[in-house]
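Notebook open, model loaded. I'm jotting down what I look up as I go.

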Amino acid sequence: MLFLKQFWGDLDFHIQVLLTAYTAASKSEIFSYTACRQLSQMILAVSFFHISEYILAILFHGHSNVTPRSLLISKYYLLAMFFSFLEYFVEIVLLPGLKEYWWISNVGLVMVIVGEIIRKMAVITAGKSFTHLIKIYHEEQHKLITHGVYRFVRHPGYSGFLIWAVGTQIMLCNPVSTVGFAVVVWHFFYKRIPYEEYFLRQFFGSQYEEYAQRIPSGVPFVK
Ligand SMILES: C[S@@+](CC[C@H](N)C(=O)[O-])C[C@H]1O[C@@H](n2cnc3c(N)ncnc32)[C@H](O)[C@@H]1O
């Protein structure tokens, strides 16, 4: 009983400290300008990314062939985004100075824009060959793409997404989520690329083999 009383007392004290810090921060210029700008950039970046992926999927594959999965929002993705916002709010309340490194935040913003451009160039260049789900059977309209951005890297869509995702966290000056997003997204592509290329080799044989020999994957440390 005594233990419970002390526990609630401690919890109450910590909530009071957080609320006081939050109230102080929200009254200050830092919270109103910094948080408004960084969070609006984040919400804009995320909305633009998902809506444009969905619209391009409809344009290339037709309305009837596109499901909400083309919005590319999974439960793991939502969890990662939830953690990223949680980190942002905790840090802006407890360590507001961390969010004031504008040059870091602006580097993140540039990464978001560059990553988005590379990703969309890949989607538009590959057209019908770019499907959100990896094809395991060869279809008539699936042609090997080696021109445009695919001349420089084999997986520009993944390079673009990696730059975009890590960029969103640098833009928010979120140190933990920057490392977390980099590791998780990199690991996802590290596993996905060999699987995707297994089928591409089956579909296009020596043509793909020769292409893969010449052109890097575009994802660091993935051959
Ligand atoms: C989500 S897209 C990603 C494409 C590519 N990995 C990228 O990052 O730009 C996955 C689909 O693209 C197809 N694909 C990947 N590279 C391709 C290429 N060079 N030419 C044609 N189709 C390709 C795969 O067969 C798979 O069904």
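Which residues does Val112 touch, not counting residues up to four places away in sequence? I get Ala45, Trp164, Gly167, Thr168 and Met171. Touching here means contact, with C-beta atoms, placed from the backbone, within 7 Å.

**Ground rules**

I'm working on a predicted model, where local features need pLDDT of at least 70, side-chain atom pairs count only at pLDDT 80 or more, and totals for chains, interfaces and linings use all residues. Residues are numbered from 1 along each chain as its sequence is written.

**Overall layout**

I count 6 helices and 0 strands in the protein. Helices are DSSP runs of H or I with at least four residues, strands are E runs with at least two, and both are numbered from the N terminus. Read from the N terminus, the order is α-α-α-α-α-α.

I checked burial next: 22% of the 223 residues are buried. My cut-offs, on C-beta atoms placed from the backbone, are 20 or more other C-beta atoms within 10 Å for buried, 12 or fewer for exposed, and partly exposed in between. I also looked at contacts between residues at least 6 apart in sequence, and 76% of them join residues at least 24 apart.

I find residues 42-64 to be 87% helix and 0% strand, with end C-alpha atoms 31 Å apart. Residues 76-95 come out at 95% helix and 0% strand, and their end C-alpha atoms lie 27 Å apart.

**The core**

Back to Val112, which is among the residues with the most contacts inside the largest nonpolar core, along with Leu162, Ile163, Trp164, Ala165, Val166 and Met171. That core has 29 residues. By a nonpolar core I mean a set of buried Ala, Val, Leu, Ile, Met, Phe, Trp, Tyr and Cys residues joined through C-beta atoms within 7 Å. At least two residues each come from α2 (29-61), α3 (75-94), α4, α5 and α6. Which helix gives the most to this core? It is α5, with 9 residues.

I looked along α4 for buried residues and found Gly108, Leu109, Met111, Val112, Gly115, Ile118, Arg119, Ala122, Val123 and Ala126. An α-helix has 3.6 residues a turn, so residues three or four places apart point the same way. The 25 residues of α4 reach 36 Å from first C-alpha to last, close to the 36 Å expected at 1.5 Å a residue. The expected span is 1.5 Å times one less than the number of residues. Just after α4, I see Gly127 with a positive phi of about 55 degrees.

α5 is mostly covered, with 16 of its 16 residues buried. I checked its length too: the 16 residues should span 22 Å at 1.5 Å a residue, and the end C-alpha atoms are 22 Å apart, so the two agree.

Most residues other than glycine have a negative phi, which made me note two exceptions. Cys173, in the loop between α5 and α6, has a positive phi of about 50 degrees. Is Cys173 buried or exposed? It counts as buried because it has 24 C-beta neighbours inside 10 Å. Phe221, in the segment after α6, has phi near 65 degrees. Phe221 is exposed, since 7 other C-beta atoms lie within 10 Å.

**Around the ligand**

I find 18 residues around the ligand, of which Ser129, Lys135, Ile145, His155 and Gly157 come nearest. The test is a C-beta atom, placed from the backbone, within 6 Å. α4 (102-126), α5 (156-171) and α6 (175-214) each give two or more residues to this shell. By class, I get 11 nonpolar, 5 polar and 2 charged residues. Ala, Val, Leu, Ile, Met, Phe, Trp, Tyr, Cys and Pro count as nonpolar, Asp, Glu, Lys and Arg as charged, and the others, Gly among them, as polar.

**Two distances**

Gly180 sits in α6 and is partly exposed, with 17 C-beta neighbours inside 10 Å. Its C-alpha is 8.6 Å from that of Ala80, 100 residues apart along the chain.

Methods. Contact = placed C-beta atoms within 7 Å.
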